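Biologist: Hello! I would like to walk through this model with you, one question at a time. Could you show it to me?

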Amino acid sequence: MTHLLSLICLGLQNTRQTLVSCNVNNIAKVYVRHASKKASTSTRNKGGDSRPKHRGWKVQDGTEVHAGKLLVTQRKTRFHPGLNVGFGRDGSLFAMESGKVMVTCEKIDPNWEHTWVKKHYENRENQVIYKKHFNVIPTPQHKRFKLIDKI
């Protein structure tokens with residue numbers, strides 16, 4: 001019995017416990033668990049907090065822009081190019097001419113045979129689909145040209 005008692009006392013000392021004395025009467029009183037690493041969050045999965053991408057509208061409706069100005073950044077085709085607007089490789093929309101930005105909501109007629117259209121619009125074949133289009137209305141020229149000579 002005393003051999004068993006010494007093993008229990010040794011085990012309690014290894015678990016960072018404080019022992020007053022090791023006898024049969026206070027073994028149950030001594031074992032109190034202190035806070036440990038198990039109570040906190042995991043330390044292995046602390047990474048993965050990536051920087052935000054800031055996608056979306058860069059220019060609002062009615063704003064004057066120059067050629068090449070970025071209008072929208074997007075991951076999927078949420079906004080579509082309209083008049084004088086280009087479509088970048090990453091899906092971004094940019095102005096091809098200087099002018100005033102005009103955002104319109106237009107009805108689209110997608111090619112239903114295309115696999116991408118089948119995947120994203122599979123349950124909407126008999127419905128009217130509206131999408132936002134970005135347009136750039138060019139600023140009028142100064143009209144100060146004079147005809148010098150006819151050819």
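Modeller: Here we go: Trp57, Phe79 and Phe134 form one aromatic cluster. This is a predicted model, where local features need pLDDT of at least 70, side-chain atom pairs count only at pLDDT 80 or more, and totals for chains, interfaces and linings use all residues. Residues are numbered from 1 along each chain as its sequence is written, and side-chain values use heavy atoms, with hydrogens and water left out.

Biologist: How are the rings of Trp57 and Phe79 arranged as a pair?

Modeller: A pair of aromatic rings is described by the distance of the centres and the angle of the planes. Rings of Phe, Tyr and Trp (its six-membered ring) pair if their centres lie within 6.5 Å; planes under 30 degrees apart count as stacked, over 60 as edge-to-face and the rest as tilted. By this rule the count comes to three aromatic pairs. For Trp57 and Phe79 the centres are 5.8 Å apart and the planes meet at 85°, so this pair is edge-to-face.

Biologist: How many residues apart in sequence are the parts that this pair ties together?

Modeller: Helices (H or I, at least four residues) and strands (E, at least two) are DSSP runs, numbered from the N terminus. Trp57 lies in strand S1 (residues 56-57) and Phe79 in strand S4 (residues 79-81), so the parts tied together are 22 residues apart.

Biologist: Is Phe134 buried or exposed?

Modeller: Buried means under 20% relative accessible area, exposed over 50%, and partly exposed in between (1.4 Å probe, protein chains only). Trp57, at 32%, is partly exposed, while Phe79, at 5%, is buried. Phe134 has 0% relative accessibility, so the answer is buried.

Biologist: Which residue has its backbone oxygen 3.2 Å from a polar atom of the His133 side chain?

Modeller: His133 is in strand S8 and is buried, with a relative accessible area of 10%. Contact means heavy atoms within 4.5 Å, and His133 touches residues including His80, Pro81 and Met102, leaving out those up to four places away in sequence. The backbone oxygen at 3.2 Å belongs to Lys131.

Biologist: What is the C-alpha to C-alpha distance between Phe87 and Thr77?

Modeller: Phe87 is in strand S5 (residues 85-87) and is partly exposed at 45% relative accessibility. Thr77 is among the residues that Phe87 touches, as are Gln74 and Pro81. Phe87 and Thr77 are ten residues apart in sequence, and their C-alpha atoms are apart by 9.9 Å.

Biologist: Now the whole chain: what percentage of its residues count as buried?

Modeller: The protein chain has three helices and eight strands, in the order α-α-β-β-β-β-β-β-β-α-β along the sequence. Among contacts between residues at least 6 apart in sequence, 53% join residues at least 24 apart. Of the 151 residues, the buried share is 25%.

Definitions and conventions
A polar contact is a pair of N or O atoms within 3.5 Å; within protein, one must be able to donate a hydrogen and the other to accept it, and residues adjacent in sequence count only if both atoms are side-chain atoms.
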